[in-house]
Amino acid sequence: MIEEIMRNVKEKRPLVHHITNYVTVNDCANIVLACGASPIMADDEAEVEEIASICDSLVINIGTLNARTIESMIKAGKVANQLGRPVILDPVGAGASTLRTDTVFRLLNEVKFSVIRGNISEIKTLAHGNGDTKGVDAADADVVTATSREAAVALARNVSKKTGAVVVITGATDIVTDHKDVFFIKNGHEMMAQITGSGCMLTAVIGAYCGANHERVMQSTVAAVVAMGLCGELAYHKMVATDGGTATFRTYLIDCMNKMNETTLKAGMKIEN
């Protein structure tokens with residue numbers, strides 16, 4: 001099914017509306033193009049409802065949150081909900097400031113999300129109403145280990161039950177769960193944490209995969225997480241072969257998504273459940 005989901009993205013070329021982080025907006029647009037979808041970045045309150053109405057999915061990312069875009073997020077989210085389009089939330093830095101935390105809970109109260117993707121500290125904030133972060137990174141004390149994995153799953157399931165969303169916790173092992181099923185994805189490379197935007201790009205890819213497969217949100221999310229993680233592995237090997245650094249890695253990451261096909265995905269996926 002994962003291969004079929006990827007094929008649908010390339011054949012349907014879904015239009016993905018982003019209200020996102022202006023630090024990583026260019027990378028998000030490029031990774032969506034690379035995976036076969038089409039991005040549109042529109043965050044002005046005067047047009048977001050109209051843009052949301054023509055798109056196949058909506059990605060909301062609070063990485064560079066400001067008062068101007070909060071209302072845009074709410075308006076676009078409500079239109080996407082009315083039309084039955086998947087809405088994906090990236091609660092970047094939730095718990096780091098009152099504005100971020102309050103905005104995330106307002107979004108959760110007013111918009112129904114299909115998928116929520118964050119690091120363990122961000123998801124902990126959504127579960128408990130507060131949490132610790134290192135800016136936009138997970139706090140050291142929150143990092144998921146073999147001994148704390150089940151607690152992380154319980155945390156994610158708690159958020160899923162409250163919101164109805166598929167919840168993704170990204171880390172050394174990525175966790176994808178709803179209130180019933182759980183998948184552990186071991187694709188990826190630690191180099192992905194050395195560039196700005198790998199998490200934002202993953203959220204954008206989830207938007208593309210869900211946009212092409214509205215009825216398969218869980219499977220689409222798993223496929224997107226696997227694809228992005230595998231691209232990280234392949235990009236690292238290319239970087240080493242060319243004696244490159246972090247900027248080279250980022251370029252190869254997008255290249256590998258562009259070159260990703262069903263055969264490579266199937267051969268490289270590392271999923272446990």
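Let me begin with a definition: a residue is called buried when its relative accessible area is under 20%, exposed when that area is over 50%, and partly exposed in between, with a 1.4 Å probe and protein chains only. Helices (H or I, at least four residues) and strands (E, at least two) are DSSP runs, numbered from the N terminus. With these terms we may look at strand 9, where D174 and V176 point one way and I175 and T177 the other way, all of them buried.

A word on the origin of the model. The model is predicted, so that local features need pLDDT of at least 70 and side-chain atom pairs count only at pLDDT 80 or more, whereas totals for chains, interfaces and linings use all residues. Residues are numbered from 1 along each chain as its sequence is written, and side-chain values use heavy atoms, with hydrogens and water left out.

I turn to the sheet. Two strands are said to pair if DSSP finds at least two bridges between them. As a general point, strands of a sheet pair through backbone hydrogen bonds, either parallel or antiparallel. Here 9 strands make up an open sheet of mixed pairing, in the order 2-1-3-4-5-8-9-10-11. Strand 2 (38-41) and strand 11 (271-272) stand at the edges with a single partner strand each, so one side of each has no neighbour in the sheet.

How is strand 9 joined to strand 8? The two run antiparallel and are joined by 3 bridges; V167, for instance, has T177 in strand 9 as its bridge partner. Strand 8 and strand 9 form a hairpin, with 4 residues between them. On to strand 10: 4 bridges join strand 9 to strand 10, again antiparallel, and D174 has I185 in strand 10 as its bridge partner. Strand 9 and strand 10 also form a hairpin with 4 residues between them. Finally, strand 10 (residues 182-185) is joined to strand 11 by 2 bridges, and these strands run antiparallel. In that pair, F184 stands opposite E272.

Helix 6 (residues 120-128) packs on this sheet, where it touches strand 5 (115-118) and strand 8 (166-169). Contact here means heavy atoms within 4.5 Å. The direction of helix 6 makes about 130° with that of strand 5; axes are lines fitted to C-alpha atoms, for helices over the stretch in contact, and angles run from 0 to 180 degrees between N-to-C directions.

Next, an annotated site. Which residues does UniProt list for "binding site"? An unreviewed entry gives R117 and T170; such positions are in the numbering used here, feature names are shortened, and annotations may be inferred rather than shown by experiment. The two span 54 residues in sequence, yet no two of their C-alpha atoms are more than 7.4 Å apart, so they gather at one spot. R117 is in strand 5 and is buried, with a relative accessible area of 6%. T170 is in the loop between strand 8 and strand 9 (174-177), and it also counts as buried, at 19% relative accessibility. The side chains of T170 and R117 make a polar contact (2.7 Å). A polar contact is a pair of N or O atoms within 3.5 Å; within protein, one must be able to donate a hydrogen and the other to accept it, and residues adjacent in sequence count only if both atoms are side-chain atoms.

My last topic is the interior. A nonpolar core is a set of buried Ala, Val, Leu, Ile, Met, Phe, Trp, Tyr and Cys residues joined through side-chain atoms within 4.5 Å. The largest such core has 53 residues, and among those with the most contacts inside it are I31, V176 and L253. Helix 9 (217-241) contributes the largest share, 13 residues. Apart from this core lies another, of 37 residues, including L58, I60, L126 and I175.

R13, in the loop between helix 1 and strand 1 (15-19), has a positive phi of about 45° although it is not a glycine; R13 is partly exposed, at 44% relative accessibility. D243 lies in the loop between helix 9 and helix 10, and its phi, near 55°, is likewise positive. At 72% relative accessibility, D243 counts as exposed.
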